[in-house]
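Please look over the sequence and the 3D structure below before reading on. The notes that follow are a short briefing for someone meeting them for the first time.

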Amino acid sequence: MTIRTSLSVFLATAVAALAAACGSSGKGAAAPQSGKSDVMDKMMGEGMAMGADEGSTFGPLEVGADWQTYTKVNREPVTSPTHGGRLVDTYVNDVGLAAYKTEDQPMPVGTVLVKTSMEVKDGTPTGEPGPVFVMQKREAGFNPDHEDWYFAIRWESPPERWKAKVGGPFYWRSPSKKVDYCWQCHENYDRFLGQVPADKRAY
Ligand code: HEC
């Protein structure tokens, strides 16, 4: 096999794996078993290995810091196979709320989406807070290839079993390469939105 062929086979496999992970958000999708590395957990480990870049210094949450004033759009916590099998809640600020509830209205500039998460181990919530995931719709030109979305992940208190992998508290956000894997999956969805599973929507 030539190098070129093996590269394209590798790429096709990687894309298929990512697409499978992205498609597993439907209802009834099983949470990954603990110990089995899913896309999210693998990417978090790789992000750590990439070294520091712009948008990777730790500090208080910037975009989305006021998420407690937003509207929660899920009725009960949702098991998110694409976010490490964690239990998640999704919050939308006033700017984006009306559009988020539709299937197709463009998301207005200034929309902020915050997803909080709780750790799950062996299928049982542990009570430990997981990472906070943030998306923000920025003005045209911020990131034209990715519909001008900003992404961030911040984890203030990774539990002991995570420390070896992620090194401790971290906060990665655009333009850091460490959040590229966010849009690599989100770009598969209309408006870049994964959306709350239909049976868990509070709207
Ligand atoms: C493998 C696919 C995949 C990856 C990687 C991924 N997401 Fe998601 N994301 C989804 C899906 C599916 C949903 C909707 C269901 C859910 O909440 O799990 C979602 C929902 C969200 C939401 C709620 C708003 C919405 O409806 O889309 C935010 C915020 C979010 N993700 C941020 C992030 C960030 C930040 C990263 C990277 C650190 C990331 N995601 C990585 C698939 C992914």
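Which residues does Ile 153 touch, not counting residues up to four places away in sequence? Ile 153 touches Pro 131, Phe 133, Trp 172 and Val 179, where two residues are in contact if their C-beta atoms, placed from the backbone, lie within 7 Å. This is a predicted model, in which local features need pLDDT of at least 70 and side-chain atom pairs count only at pLDDT 80 or more, while totals for chains, interfaces and linings use all residues. Residues are numbered from 1 along each chain as its sequence is written.

**Confidence**
- The mean pLDDT of the protein (the predictor's confidence in each residue, from 0 to 100) is 84, and 82% of its residues reach 70 or more.
- Over residues 1-37 the pLDDT is below 50, and this stretch has 33 contacts in the model beyond near neighbours in sequence.
- Where pLDDT is low, the predicted coordinates should not be read in detail.

- A residue is buried if 20 or more other C-beta atoms lie within 10 Å of its own, exposed if 12 or fewer, and partly exposed in between, with C-beta atoms placed from the backbone.
- Helices (H or I, at least four residues) and strands (E, at least two) are DSSP runs, numbered from the N terminus.

**Helix 2**
- The buried residues of helix 2 (residues 39-49) are Val 39, Met 40, Met 43, Met 44 and Gly 47; because they cover an arc of only 130° around the axis, they lie on the same side of helix 2, the arc being that of the directions from the helix axis to the C-beta atoms.
- The face of helix 2 turned away from this buried side carries the exposed residues Glu 46 and Ala 49, and just after helix 2, Gly 51 takes a positive phi of about 80°.

**Helix 5 and the segment after it**
- Gln 184 lies in helix 5 (residues 180-186) and counts as partly exposed because it has 16 C-beta neighbours inside 10 Å.
- Asp 190, in the segment after helix 5, counts as exposed because it has 9 C-beta neighbours inside 10 Å.
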